Amino acid sequence: MAPPTQPTPRRLQSPADLADDALREIFLHLDSAPDLARASFACASFRRVITDHGFLRRYHALHPPPLLGILASGFIPAQPPHTSAIAARAFAQADAADFSFSFLPIPHRWRRRDSRDGRFLLSRVPTGRGYRRGDLLWITDLAVCDPVHRRYLLLPAIPADLTAAVHQPDIVDFETFLAPAAEDDKDTSFRVICLAQCAIKLALFVFSSGEGRWHAVTFDDWSAMITGTGNTASTGTGNPASGSELSQRYYAHRCFYWLMHRRNKLLLLNTSGMEFSTVELPQDYTGEIAIVEAGKGKVGMLSLYSLIPHGTVHLSYAILQNDGENANQWQPEEVLPLPENHRYDIVGVAGGYLLLQGIPEGVSLLHPPKNPNLTCFSLEVKALHLELFCQTNHSILHAELYAGHPPSLSPPSV
């Protein structure tokens, strides 16, 4: 009879390991990234724990990066006394990050398309051709970049057997953007999505960095969705759309949202299952909107509207209910007055902030004065706190927003 197998002795943690575990738990509760950065310089043991990539990814999951600046002709950082001004100052330094992407092959031929989680998605314009819309409808050369660590990944072209899913002359819009990795992928993984919008169908081409390859998903009932004969991707018929049906894209809780500007609806793409559906908008909504992440996994909507008799502009805030009798209905929450004597445009959403550009009354962007003094305001969505973000002398309506942690607390994302 064989002797019983002895259990493998469990390795006891050393006092140093226990001390590191305690430090990690303490540091995870620091809400301010600048405070965490300062703690990393206190002593060698603090720095070892804080700069560990595994710890930083845990910290970033608990404390999403704040909005630090705007990428237009250059990097425009948050300005004092804004909450993010100190952290933004590090990125304003010449060598903190390369937002010109000079580390890419033939850098002047690349155009920014999207950014998320410290990564940027760029597309290459063929040599000898300009930035005309027609040149970019079908994009073949894509790169994902990390401007802090100056790293990049050139994506393979979408295989011909996948592109055969759509007839390219039928494409009315072609959009590329970054998406979070599948929930079971590694922290450093990501996905790139190309959305081809045709007259009567939608096609998704999805690249997974974990798998290193593309796959395609097509939805042949797009006309049914836009004519209201179906709420989910099921068979149906309808009149094809003339031109692009979708406008500004927003992201919240692993889903993308587009305003269907000829319908009182949002198109929703759930990236967990790559499924489309639609969401009704409030009947009385007007003006520009932005979709944001509300608490407890819910989705919020901020919208601009003007009180004509009073000459003032307000932001309304509503939350989409996801349970109970009011499920799939927008529940009004707040109405926020904005500083007077301005008209406003929504620039975008990043890092838990909505960014607005305020244009003084009487200033025309078609014929701007020499120094128009345009003001940007940020709204911290969680607390609905409005503050001045920066001032510029030019329009930034088509710029990218950048949210991130200080360079010393940013592990490689590519």
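**The chain as a whole**

The model is predicted. Its protein chain has eight helices and 23 strands. The chain holds 414 residues, and 47% of them are buried. Its accessible surface is about 21000 Å². Carbon and sulfur atoms account for 52% of that surface. Contacts also reach along the sequence. Take those between residues at least 6 apart: 48% of them join residues at least 24 apart.

**Aromatic pairs**

How many aromatic pairs does a search of the whole structure find? The search finds 20. Two of these pairs are set out here.

| Pair | Centre to centre | Angle between planes | Type |
|---|---|---|---|
| Phe75 and Tyr402 | 6.5 Å | 80 degrees | edge-to-face |
| Phe91 and Phe99 | 6.4 Å | 35 degrees | tilted |

Two values describe such a pair: the distance of the ring centres and the angle of the planes.

Start with Phe75 and Tyr402. Their planes are 80 degrees apart, and an angle over 60 degrees counts as edge-to-face. Where do the two residues sit? Phe75 belongs to strand β2 (residues 75-77). Tyr402 belongs to strand β23 (residues 400-403). The pair therefore ties together parts that are 327 residues apart in sequence.

Are these residues buried or exposed? Phe75 has a relative accessibility of 18%, so it counts as buried; the cut-off is under 20%. Tyr402 is buried too, with a relative accessible area of 4%.

Now turn to Phe91 and Phe99. Their planes stand 35 degrees apart, and the pair is tilted. Phe91 is buried at 2% relative accessibility. Phe99 is buried as well, at 12%.

Both pairs belong to one aromatic cluster. Its members are Phe75, Phe91, Phe99, Phe101, Phe103, Phe120, Tyr152 and Tyr402.

**The second largest pocket**

The second largest pocket holds about 280 Å³ of space. Its lining is made up of 16 residues. Which of them lie nearest its centre? They are Pro282, Asp284, Ser303, Ser316 and Ala318.

β16 (299-307), β17 (312-320) and β18 (330-337) each give at least two residues. The largest share comes from β18, with five residues.

What classes of residue line this pocket? Ten of the lining residues are nonpolar. Three are polar and three are charged.

How values were computed. Residues numbered from 1 in each chain as written. Predicted model: local features only at pLDDT ≥ 70, side-chain atom pairs only at ≥ 80, totals over all residues. Heavy atoms only, no water. 1 Å grid on protein atoms, 1.4 Å probe; cavity = no way out; pocket = protein on both sides within 12 Å on 5 of 7 lines; lining within 4 Å. Points joined across faces, edges and corners; volume = space filled by probe spheres on them. Helix = DSSP H or I, 4+ residues; strand = E, 2+ residues; numbered from the N terminus. Nonpolar A, V, L, I, M, F, W, Y, C, P; charged D, E, K, R; others polar. Buried < 20%, exposed > 50% of the residue type's maximum accessible area, 1.4 Å probe, protein only. Contact = heavy atoms within 4.5 Å. Areas by Shrake-Rupley, 256 points an atom, 1.4 Å probe, with all protein chains shown as cover. Phe/Tyr/Trp six-rings, centres within 6.5 Å; stacked < 30°, edge-to-face > 60°.
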